[in-house]
Amino acid sequence: MILYQNENHALIGVFNSNNRKTGAMVQTWIMNKDSLEGGGCTDCTSLELCYVFQGKKSIQKKLARGGYIDVDINLSKKRVRVGSYGDPTVFPLSVWQDLGIKKHTGYTHFWRLPHVQEYKKFLMASVETLESYHLAKQLGWKVFYNMLDVHLGLVSIEQVKQETNILECPNTTHEISCYDCLLCDPKKGGKDIFINPHGGRLSKKNALSTIQKSNDQDQALIQALLLNQGEFIHA
């Protein structure tokens with residue numbers, strides 16, 4: 001079903017998910033109407049590592065043939081995975097608020113951008129490096145850290161432990177589903193979360209390319225912060 005749509009994007013809700021990691025959360029797919037790819041995905045630092053394949057083709061085909069109907073629904077009694085595919089910030093924050101979402105998980109790779117700062121109580125900043133982690137914390141985000149730099153041996157796990165207050169994803173350590181955990185809901189506060197990088201596209205080439213993109217955006221953000229004497233204006 002289509003929960004919301006505008007000229008460029010459609011927000012599709014999929015219920016009764018059998019995803020083992022997330023559990024029975026409502027899955028939300030943010031689709032670009034023109035390309036039938038994820039909304040905002042072409043500008044994502046982690047595009048080359050993205051592992052969202054399961055269910056993608058069926059969603060694309062059904063959307064293309066007009067197989068989804070528009071619904072007016074309140075999700076306040078549901079647990080929602082915000083952004084199963086696509087970045088949630090392609091929609092105004094008010095779109096998500098109007099759906100009544102109260103218990104959810106959600107992440108954005110666009111946490112550096114000025115207009116995305118208002119999502120801090122709704123989404124976690126998804127980062128690939130320790131430098132990005134510190135920058136996101138400087139901006140006031142709760143952080144989900146995919147330790148790509150640790151995976152490549154660029155940063156040690158000892159350094160991460162010394163410099164962060166972070167908890168390994170309970171799904172990894174105790175096989176707790178996201179449905180039961182919800183620590184990736186920024187409203188809950190608490191520790192930041194880390195997970196070891198994974199997925200079928202985790203090659204050294206893709207990982208290095210991702211880190212380079214992340215580093216480039218970090219440097220742009222640092223320069224913006226310095227130029228504006230610490231006031232965030234543009235990255």
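Trainee: Which residues lie nearest the centre of the largest cavity?

Mentor: Cys169, Pro170, Cys178, Cys181 and Cys184 do, out of 14 residues that line the largest cavity. Two or more lining residues come from each of S5, helix H6 (170–174) and helix H7 (178–181). Keep in mind that this is a predicted model.

Trainee: How is empty space found in a structure?

Mentor: A probe the size of a water molecule is rolled over the atoms, and this shows where empty space is left. Here, one cavity of 30 Å³ or more turns up. The volume of the largest cavity is about 90 Å³.

Trainee: What is the volume of the largest pocket?

Mentor: About 1,300 Å³. The lining of this pocket has 48 residues, and those nearest its centre are Tyr51, Val52, Arg81, Gly83 and Ser84.

Trainee: Which elements give two or more residues to the lining of the largest pocket?

Mentor: There is one helix, H1 (56–64), together with the strands S3 (26–32), S4 (79–85), S5 (103–108), S6 (124–127) and S7 (143–146). S4 gives the most, with four residues. Sorted by class, the pocket lining has 22 nonpolar, 21 polar and five charged residues.

Trainee: Now the helices. What describes two packed helices?

Mentor: Two values are used: the angle between their axes and the distance between the axes. For helix H3 (residues 130–138) and helix H8 (residues 204–227), the angle is about 35° and the axes are 10 Å apart. The crossing of H3 past H8 is left-handed.

Trainee: Which residues of H3 and H8 meet?

Mentor: H3 supplies Glu131, Ser132, Leu135 and Gln138. From H8 come Ser214, Asn215, Asp218, Gln219, Leu221, Ile222 and Leu225. The residues of this contact divide into four nonpolar, five polar and two charged.

Trainee: Let us take a single residue. Where is Val116 placed, in terms of S5 and S6? Is Val116 buried or exposed?

Mentor: Val116 sits in the loop between S5 and S6. The cut-off for buried is under 20% relative accessible area. Val116 counts as buried because its relative accessibility is 0%.

Trainee: Which residues does Val116 touch, not counting those up to four places away in sequence?

Mentor: With those left out, Val116 touches Thr89, Thr108, Phe110, Trp111 and Trp141.

Trainee: How many residues apart in sequence are Val116 and Gln138?

Mentor: They are 22 residues apart in sequence, and their C-alpha atoms are 15 Å apart in space. Gln138 is also one of the H3 residues that meet H8.

Key: Residues are numbered from 1 along each chain as its sequence is written. This is a predicted model: local features need pLDDT of at least 70, side-chain atom pairs count only at pLDDT 80 or more; totals for chains, interfaces and linings use all residues. Side-chain values use heavy atoms; hydrogens and water are left out. On a 1 Å grid over the protein atoms alone, a cavity is a set of points where a 1.4 Å probe fits but cannot get out, and a pocket is an open set with protein on both sides within 12 Å along at least five of seven lines; lining residues have an atom within 4 Å of a point. Grid points are joined across faces, edges and corners, and a volume is the space filled by probe spheres set on the points. Ala, Val, Leu, Ile, Met, Phe, Trp, Tyr, Cys and Pro count as nonpolar, Asp, Glu, Lys and Arg as charged, and the others, Gly among them, as polar. Axes are lines fitted to C-alpha atoms, for helices over the stretch in contact, and angles run from 0 to 180 degrees between N-to-C directions. A crossing is left-handed if the near helix is turned anticlockwise from the far one by less than a right angle, and right-handed if clockwise. Contact means heavy atoms within 4.5 Å. Buried means under 20% relative accessible area, exposed over 50%, partly exposed in between (1.4 Å probe, protein chains only).
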